[in-house]
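The stops below are given in the order to select them.

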Amino acid sequence: MNTTATKHKRYDETFKRTAVEHWMLSGQSATRIADELGVNVQNLHKWKQKFKALPAGQVAGTLEALQAENRRLQKELHRAVPQRDILKKTLGIISAPSETGL
């Protein structure tokens, strides 16, 4: 008998709003978006209903959250690109054939 309790993932409001906006703007099916994001398609539908019922002023926070997330990701990318380049060069050096013929 399996006594392991199933764990439910918790998603923050920003993630939920972004997921619904992505779904609405992409023109793709809810199933496809849910698969991309790794969420249950029923959750996506629930989130859509929840945010449709909110006053229009509360949706503006989403744009600010997306802009903040975009800035954070740009900073992370700015740090990751040089690291990636160093790793590529290192791999090239390591995998280059040795001149000693060993």
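Which residue caps the N-terminal end of helix 3? Select Asn 40: a side-chain oxygen of Asn 40 lies 2.7 Å from the backbone nitrogen of Gln 42. This is a predicted model, in which local features need pLDDT of at least 70 and side-chain atom pairs count only at pLDDT 80 or more, while totals for chains, interfaces and linings use all residues. Residues are numbered from 1 along each chain as its sequence is written, and side-chain values use heavy atoms, with hydrogens and water left out.

Next, select helix 3, residues 41-52 (helices are DSSP runs of H or I, at least four residues, numbered from the N terminus). Leu 44, Trp 47 and Phe 51 are buried there (buried is under 20% relative accessible area, exposed over 50%, partly exposed in between, with a 1.4 Å probe and protein chains only). The buried residues of helix 3 pack against helix 1 (13-26) and helix 2 (30-37), contact being heavy atoms within 4.5 Å. Turn to the other side of helix 3 for Gln 42, Lys 46 and Lys 52, which are exposed.

Now select Glu 13, Lys 16 and Lys 50, which a network of salt bridges links (a side-chain nitrogen of Lys or Arg within 4 Å of a carboxyl oxygen of Asp or Glu). Lys 16 and Glu 13 pair at 3.8 Å, N to O. For Lys 50 and Glu 13, the closest N and O atoms are 2.9 Å apart. Lys 50 is in helix 3 and Glu 13 in helix 1, so this pair ties together parts 37 residues apart in sequence.

Finally, select Glu 76 and Arg 72, a salt bridge with closest N and O atoms 3.1 Å apart. They are four residues apart in helix 4 (residues 60-95), about one helical turn.

Definitions and conventions. Helix = DSSP H or I, 4+ residues; strand = E, 2+ residues; numbered from the N terminus. Expected span 1.5 Å × (residues − 1). Polar contact = N/O pair within 3.5 Å; in protein donor to acceptor, adjacent residues only side chain to side chain.
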